[in-house]
Amino acid sequence: MDKTHFLSQSSSLILVIVISLLFVFLGLYNSKKYKGLNNYLTANRNIGLFSLSTSLTASALGAWILFGPVSASTWGGIGSIIGYSLGTAFPMLL
């Protein structure tokens, strides 16, 4: 069986390094206007409701949202996936 590779290993590694460096330079460039520890820790107490809600949701769900339904489906099938998603979404709806 032939393996299909879209990029070689060296070109994919170079691509990852270039994109990582791009994000580092963008972060350094944008951080020049925000000085001080107060901006770093609390965003100078200027966080909107949407940003705060999405940040808390991402913190609450974490990586288990990726692996939980998969493990639940091994013992419960599609019904457990539906129940799992409804159980996860229910607190968000409240």
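What covers the buried residues of H4? In this predicted model, the cover over those residues includes helix H3, which runs through residues 49–61. Helix H4 itself takes in residues 64–93, and its end C-alpha atoms lie only 19 Å apart, whereas a straight helix of 30 residues would span 44 Å at 1.5 Å a residue. A bend of about 135 degrees is found in H4 at Gly76.

**Course and burial of helix H4**

- The buried residues in H4 are Gly68, Pro69, Ala72, Ser80 and Thr88, and helix H3 is included in what covers the buried residues of this helix.
- The bend at Gly76 is about 135 degrees, and the span of H4 between its end C-alpha atoms is 19 Å.

**Pro69 in helix H4**

- Pro69, which lies in helix H4, has a relative accessible area of 18% and is therefore classed as buried, the cut-off being under 20%.
- Although Pro69 and Ser80 are 11 residues apart along the chain, their C-alpha atoms are separated by 7.6 Å.
- When residues up to four places away in sequence are not counted, Pro69 touches Trp64, Ile81 and Tyr84.

**Thr57 in helix H3**

- Thr57 has its place in helix H3, and with a relative accessible area of 27% this residue is partly exposed, since that class falls between the 20% and 50% limits.
- The C-alpha atoms of Thr57 and Met92 are separated by 8.2 Å, while the two residues stand 35 residues apart along the chain.

Notes: Residues are numbered from 1 along each chain as its sequence is written. This is a predicted model: local features need pLDDT of at least 70, side-chain atom pairs count only at pLDDT 80 or more; totals for chains, interfaces and linings use all residues. Side-chain values use heavy atoms; hydrogens and water are left out. Helices (H or I, at least four residues) and strands (E, at least two) are DSSP runs, numbered from the N terminus. The expected span of a helix is 1.5 Å times one less than its number of residues. The bend at a residue is the angle between axes fitted to the seven residues ending there and the seven starting there. Buried means under 20% relative accessible area, exposed over 50%, partly exposed in between (1.4 Å probe, protein chains only). Contact means heavy atoms within 4.5 Å.
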